[in-house]
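Let's work through some aromatic rings together. Have the model open as you go.

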Amino acid sequence: MKVERERRYALLLAAKDSEYVKKVYGGYFNVFVATFAEEGERWDLFRVVDGEFPETSELQEYDGFVVSGSPYDAYGNDHWIIKLCFLLQTLDAMEKKVLGICFGHQVLCRALGGRVGKACTGWDIGLRNVKIVKDMSPFSFLDGLDEIPSALSIIECHQDEVWEVPLGAQVIAFSDKTGVEMFTIGGHVLGIQGHPEYTNDILSNLIDRLLNNNSIEIGFAENARFGLQKAEPDRKCWEKICRNFLKGR
């Protein structure tokens with residue numbers, strides 16, 4: 001009888017745990033595992049923001065990697081960001097599954113030859129309706145949906161964006177605010193500008209922190225909160241897309 005190998009994934013965490021997320025969820029790692037992991041899998045944590053990286057010799061053992069969001073700029077030249085770019089180039093060459101979320105989406109783009117920078121329209125915080133590109137190439141991670149929706153809502157929190165995708169990349173979603181909401185390369189790289197893993201309470205706490213450190217104005221914060229009260233993100237659908245992608249379904 002053939003024994004299936006345990007599937008193994010790694011979260012490359014590019015942000016420090018907020019006090020709120022530590023208290024309520026035990027840390028961002030648990031938030032990501034709850035969203036993307038399935039029974040019988042092993043998930044490892046590498047706090048890349050603190051300089052923790054997997055050994056090159058270990059990379060082959062992983063089925064996929066997730067790069068989290070971050071308050072840092074994906075176009076910054078901090079040592080850990082440069083090191084992360086080199087790691088992502090290696091994973092791309094190995095054709096390992098890599099899912100980038102927010103900062104992860106942007107740094108993937110940068111590492112693989114695209115361009116990222118400040119969003120010309122400023123902050124995007126709250127619920128955003130993301131439109132799926134019509135007549136795109138078929139992707140297996142979308143095939144698992146009952147039907148490919150024309151649009152999906154997702155929680156966003158960013159002031160940077162992808163300006164230009166890498167050579168060979170395909171933009172598969174956009175919004176009124178952001179031209180590249182999702183891109184993919186060769187079926188093994190997927191970038192999502194929004195946060196499939198965020199819950200409304202996590203974003204609400206983040207809005208409070210941004211307001212307290214004067215990153216955003218009070219009127220802007222109130223509008224973002226109001227949007228969250230009116231509607232819910234399509235979390236189940238995003239969860240399914242991300243799981244299908246990571247598991248190669």
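This is a predicted model: local features need pLDDT of at least 70, side-chain atom pairs count only at pLDDT 80 or more; totals for chains, interfaces and linings use all residues.

Residues are numbered from 1 along each chain as its sequence is written, and side-chain values use heavy atoms, with hydrogens and water left out.

**Exercise 1.** Classify the pair Phe46 and Tyr62.

Solution. Rings of Phe, Tyr and Trp (its six-membered ring) pair if their centres lie within 6.5 Å; planes under 30 degrees apart are stacked, over 60 edge-to-face, and the rest tilted. Here the centres are 6.3 Å apart and the planes meet at 75°, so Phe46 and Tyr62 are edge-to-face. Next, locate them: Phe46 is in strand β2 (residues 41-46) and Tyr62 in the loop between β2 and β3 (64-67), 16 residues apart. Strands are DSSP runs of E, at least two residues, numbered from the N terminus. Finally, Phe46 and Tyr62 form one aromatic cluster with Phe65.

**Exercise 2.** Are Tyr72 and Trp80 buried, partly exposed or exposed?

Solution. Buried means under 20% relative accessible area, exposed over 50%, and partly exposed in between (1.4 Å probe, protein chains only). Tyr72 has 33%, so Tyr72 is partly exposed; Trp80 has 8%, so Trp80 is buried.

**Exercise 3.** Which ring lies under the charged end of Lys247?

Solution. The criterion is NZ of Lys or CZ of Arg within 6 Å of the ring centre and within 35 degrees of the ring normal. For Lys247, the ring is that of Tyr9, with 4.7 Å to its centre.

Key: Helices (H or I, at least four residues) and strands (E, at least two) are DSSP runs, numbered from the N terminus.
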